[in-house]
Amino acid sequence: MKLEEIKVCILRIEGTNCEQEAYDAFKALGADPEKVHLKQLIGRSPGELRRELDEYQVLMLPGGFSAGDYVRAGAIFAARMKSHLAADLENFIASGRPVLGICNGFQILVELGVLPSFDEIMSEAPQAALYTNVSGRFECRPSYLKHENHGKCVFTSLLPRGEIVAIPVAHAEGNLRFPSESEEEFLMRLEENDQVVFRYVDPNGDYAGYPWCPNGAIGNIAGICNPEGNVLGMMPHPERAMFRYQHPDWTRSGGKPDAPGDGHVIFRSVLDHVSKRF
Amino acid sequence: MVTAEIRIELKHGVADPEGENTKKALELLGFKGIRSVKTVKVFEMDLDIPASEAASVCEEMSRKLLANPVIQTFRVQLK
Amino acid sequence: MGSKELTRKRAVPFPLFEVDLFSASPDELREMSKTMGLNLSLEELETVKAYFKARGRLPTDVELQSIAQAWSEHCCYKSSKCFLREHIFGIKHPDVLAKGDAGVMAFDDEHAYALRVESHNHPSAIEPYGGAATGIGGIVRDVLAMGAQPIALVDPLFFGPLDLMSVPQGVKLPKYLAQGVVAGIRDYGNRIGIPTVAGGMFFDPSYTGNCLVNVGCIGFLRKDKLLNNAVRGVGDVLILVGGRTGRDGIHGVTFASAELSSRSEDESRGAVQLGDPITKEPTIHACLEVNERGLVSGIKDLGGGGLSCVVGEIALAGGCGAVVQLDKVPLKEAGLAPWEIWVSESQERMMLASPKENVESILEVFDLWDVPATVIGEVVKEQKVSLIFQGEEVFDLDLDFLTKGPEYCRPTAASNVSTLLPVKEPQLPESWNSVILSTLADPNIACKDWAIMQYDHEVRASTVIKPLQGKPGLHGPADATVLKPRTDSFRGLAIAIGVNPWFTSQDPYNGGRSAVDEACRNIIAVGGRPHALTDCLNFGNPEKPERLFEFKEAVRGIGEMARDLDLAVPSGNVSFYNETAQGPALPTPTVLGVGIVEDIRKCVTTDFKVERNPVYVIGETREEMGASALYRRYGGSGGSVPAVDTSVLRSRMDLLLGAMSKGLIRSCHDCSDGGLAITLAEMCLGGDLGFEGDLGALGDLPTAVKLFSETNSRFVVEVELSRAGEFEALAKEHAFRIGSVGRSRMTIRDKGAAVDLKTQAMRRAWSEPLWRSLG
């Protein structure tokens with residue numbers, strides 16, 4: 001399908017707050033994004049605002065503090081989706097359409113049980129947690145990510161494996177954890193399924209601890225996809241690095257300030273995938 | 001009416017940065033002799049459901065929203 | 001309620017009292033003002049009495065409480081207005097579009113920006129987390145009320161020394177206050193998704209009992225969506241939206257208009273409000289949407305004084321009055337008395353005025369976001385406000401009387417201006433190296449990344465020049481941050497703070513001027529042209545002539561600077577009574593400057609870029625050591641505080657902006673706290689490079705002056721090596737070449753003296769202090 005026909009649902013509730021830049025990112029690439037309140041998808045809005053998830057080709061869960069991140073980051077948004085939208089969401093994912101969760105969106109996908117999604121599209125209970133950063137602090141800082149996916153993830157198809165990208169983080173709960181008794185096994189399954197997408201590295205490209213891994217995530221993991229590769233969750237914010245001039249060091253790095261930034265490729269890859277596949 | 005207290009605790013072995021940082025902050029404020037600080041979350045709710053069902057309802061609430069089994073345990077206490 | 005003899009309960013099924021002002025003696029009036037928490041002077045009470053005498057009836061408690069709110073220093077600027085009128089209000093600027101809850105300035109042909117900064121000092125001193133959070137909430141509402149999307153937060157903070165371990169009774173440890181305030185800003189600002197992009201943390205013993213929490217907000221809007229905080233006329237209704245009303249925040253403004261005492265905590269807990277960012281965030285969306293769709297006539301923020309101030313002001317601004325059904329106001333808890341509902345400052349509330357026929361559509365928008373919205377009254381022709389509670393009229397006041405508060409031109413008296421005192425030289429250690437390392441570690445100069453990285457300074461993805469600059473992980477400081485508010489334009493807004501309380505304390509006039517100079521320098525250093533200022537003037541008790549003198553002089557300095565530099569001052573805020581039994585806070589005029597960046601792709605940062613590039617000081621260095629960081633740190637006193645020559649500042653601005661647009665300048669940093677030595681050190685830090693040079697070019701001054709004088713209007717620039725000739729031809733006598741960018745150490749020679757420091761050592765000194773103190 002044509003790029004301008006690709007409808008992107010940018011889903012939000014109260015406290016979602018990165019929807020504008022997510023919208024701008026898809027818009028900048030020529031797709032047709034729309035900011036949609038969860039109530040519009042579950043029949044709790046006036047008629048002319050009603051939407052169906054099935055109308056869209058891409059679902060995006062932006063960053064923020066949905067419902068204040070009370071209880072746990074992303075838990076309330078996830079519970080609300082699970083109670084009213086579970087079947088629609090499962091169908092959406094099963095049809096191969098891409099779902100992207102950034103920051104709070106990643107937390108929501110984990111709480112929903114659609115990531116890591118080892119055995120089914122949506123597990124009954126969460127299989128992972130995005131837990132409080134090791135520093136115990138909100139961390140807004142630059143980070144470097146190494147692309148580790150072998151080609152399954154539809155959001156990084158245009159990014160060569162091994163490439164380092166600079167994409168900032170801003171979160172207090174990004175520490176990816178598995179149940180301690182299954183830690184080894186889960187890590188192995190992620191590798192086997194080609195589900196690891198990004199790992200935090202230092203500016204030289206080496207795996208490193210805090211602050212380059214801003215949260216203490218297991219295996220330095222910054223982003224994972226489902227076994228099919230069409231659901232990606234990541235803590236860093238690629239929508240904040242669409243152009244060079246959004247990078248923290250663009251005044252030193254030379255090159256054109258308005259050239260694409262390091263986050264651009266994620267949006268480009270997924271739109272490229274959708275336009276070819278659908 | 002039943003009053004239920006649901007206590008969400010970190011699983012044994014899960015680090016507690018909030019507790020550790022609180023301890024550090026208290027020490028910076030001059031408090032001495034703090035061996036450890038642990039964060040616990042408690043939800044207290046008044047329920048209009050029969051006491052016989054309350055415990056299982058609270059457990060379901062915990063599983064569906066209040067606790068993430070990967071890092072947390074829950075304990076329900078009816079009052 | 002008031003003393004029993006003076007109050008009479010009306011025979012209604014809710015608490016409503018009439019207050020017998022007529023028969024009260026002066027002592028009884030004073031007593032009543034105190035017990036009711038009115039904070040009105042005897043003179044003011046006499047005016048109230050005369051008004052009701054003429055009306056031939058006694059006031060209700062609702063009316064008296066409302067008058068007390070409206071006439072508080074916080075709401076009516078009664079002690080500051082005469083000075084502001086003389087020096088600020090008259091400043092004309094063609095780009096000013098509105099002066100309402102926030103000032104609004106033209107950005108380009110179709111767009112505008114809003115700006116305002118205000119204080120939240122007293123609540124933050126009592127409860128730092130909630131006080132600071134609600135400060136953010138309030139300033140965001142001010143900007144939103146103009147129809148603008150809030151796009152940035154700015155928060156200069158002032159505390160006592162962080163290592164203080166004992167404080168007077170009723171005062172909290174500076175460390176605790178700093179942690180709480182930063183956490184409050186973080187948790188509120190991050191949750192509503194507005195980046196905190198600039199600010200500062202300042203430390204002085206005088207702030208121990210009077211911490212200052214100034215919060216600023218910048219908004220952005222299309223010019224055709226600009227709202228004035230006014231009803232359109234009869235036919236409009238008033239819709240209260242957002243949070244519910246409760247007992248939190250009662251008497252916030254009367255509390256803000258008195259000195260803090262050791263008992264303030266117990267007495268004032270009720271005045272500290274609670275914040276709820278997750279009601280605010282959707283309220284922002286909903287307000288912007290109803291404005292976008294043209295459904296509202298005007299919006300106004302419920303801040304100080306709550307409904308009691310907003311209803312009268314929004315109605316009167318449209319030349320009308322209002323009738324309010326007070327019992328329609330949604331409450332947090334049952335049983336609030338009418339006066340409590342009327343003056344409560346519960347958070348997250350906005351007042352919308354709209355034509356009746358739009359109500360349904362408006363309520364629908366708010367309903368989608370699950371934000372309560374309730375029609376509570378309607379606009380009437382006569383300029384008065386009446387309140388109905390359960391069918392009973394409990395309030396009926398003329399707006400002319402209510403909103404025209406008293407105004408005082410109180411006496412001022414110069415305190416001993418210490419510029420006239422003889423200079424006492426500081427006691428300096430032998431080596432300049434140790435002076436520089438120690439000054440870098442001064443909490444006023446040391447890195448503030450402890451706070452900056454807790455704030456989401458990038459949400460909305462438009463922060464293109466960030467508050468930390470240089471190599472990721474090895475950052476140095478920023479002068480101004482730059483936002484790119486439109487996706488389809490490279491035009492930007494540069495945002496910076498200027499304030500020097502130590503200068504102001506020693507020389508209030510030049511302190512005010514220096515604050516403006518600093519804000520302008522910061523804006524120019526990134527490539528912006530200063531456009532508008534807004535200020536938050538934090539001073540002591542205006543009833544004391546020396547305190548008011550400081551205020552008057554600082555305002556004169558700021559006003560003159562703005563006029564001379566063609567800067568608009570479309571909004572401002574005054575906070576008096578920053579004073580405890582231990583003494584006043586330093587006089588602190590905080591200036592928030594906004595500049596226009598023609599093309600953000602030409603912006604410049606502070607970090608050195610390339611080894612061997614030549615480095616220049618722009619502007620003459622003078623012997624102006626008064627109140628400098630060096631003097632403060634090493635026991636110096638007296639001496640002159642830096643003055644400002646606006647024509648010089650202007651020509652340097654033109655020079656630098658010209659050179660930047662030609663791409664000649666690779667890095668630029670203004671000289672401020674700590675002078676040239678600290679400026680050069682900070683440029684080394686961000687670039688992870690060094691400096692090598694000789695200060696001979698600065699003439700025949702003592703080395704201490706060359707290194708540490710804080711002479712205004714100066715910059716350090718790194719110029720592209722291959723274009724040094726081009727730059728020198730342009731800069732002429734403004735530029736003094738002092739050396740070049742080095743590799744990994746800062747080496748400065750002057751006559752016999754020398755500085756030689758590893759960049760790494762300077763980084764350690766500069767980076768660690770706040771982390772050590774604050775954890």
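This is a predicted model: local features need pLDDT of at least 70, side-chain atom pairs count only at pLDDT 80 or more; totals for chains, interfaces and linings use all residues.

Biologist: Which strands are the edge strands of the seven-strand open sheet in chain C?

Modeller: Strands here are DSSP runs of E with at least two residues, helices are runs of H or I with at least four, and both are numbered from the N terminus. Two strands pair if DSSP finds at least two bridges between them. The order is β27-β29-β26-β30-β28-β31-β32 (chain C), with mixed pairing. Each edge strand pairs on one side only, and the two are β27 (665-670) and β32 (753-758) of chain C.

Biologist: In β29(C), which residue is the bridge partner of Cys668(C)?

Modeller: β27(C) and β29(C) run antiparallel and are joined by five bridges. In β29(C), Cys668(C) has as its bridge partner Val717(C).

Biologist: How many of the six residues of β27(C) are buried?

Modeller: A residue is buried if 20 or more other C-beta atoms, placed from the backbone, lie within 10 Å of its own, exposed if 12 or fewer, and partly exposed in between. β27(C) is largely enclosed by the rest of the structure, because the number of its six residues that are buried is six.

Biologist: Which residue of β30(C) is the bridge partner of Val615(C)?

Modeller: Strand β26 (residues 614-618) of chain C runs antiparallel to strand β30 (residues 735-742) of chain C, and five bridges join them. Within β30(C), the partner of Val615(C) is Gly739(C).

Biologist: How are the axes of α19(C) and α22(C) oriented?

Modeller: Axes are lines fitted to C-alpha atoms, for helices over the stretch in contact, and angles run from 0 to 180 degrees between N-to-C directions. The axes of α19 (residues 508-526) and α22 (residues 646-661) of chain C come within 10 Å and cross at roughly 10 degrees. Angles under 35 degrees count as roughly parallel, over 145 as roughly antiparallel, 65 to 115 as roughly perpendicular and the rest as oblique. That makes α19(C), relative to α22(C), roughly parallel.

Biologist: Which residues of α22(C) does α19(C) meet?

Modeller: Residues are in contact if their C-beta atoms, placed from the backbone, lie within 7 Å. From α19(C) come Asp517(C), Cys520(C) and Ile524(C), and they meet in α22(C) Leu649(C), Met653(C), Leu656(C) and Leu657(C).

Biologist: Over in chain A, which residue of β12(A) stands opposite Phe198(A)?

Modeller: Strand β11 (residues 196-201) of chain A is largely enclosed by the rest of the structure, because five of its six residues are buried. Strand β7 (residues 144-147) of chain A pairs with β11(A) in the antiparallel sense over four bridges. β11(A) also pairs with β12 (residues 221-225) of chain A, antiparallel over three bridges. There, Phe198(A) stands opposite Gly223(A).

Biologist: How many residues of chain B are in contact with chain C?

Modeller: Chain C also touches chain A, in a contact that takes 36 residues from chain A and 36 residues from chain C. In its contact with chain B, six residues of chain C take part, and the number from chain B is six.

Key:
Residues are numbered from 1 along each chain as its sequence is written. Chains are lettered from A and ligands numbered from 1 in the order in which they are written. Two residues are in contact if their C-beta atoms, placed from the backbone, lie within 7 Å.
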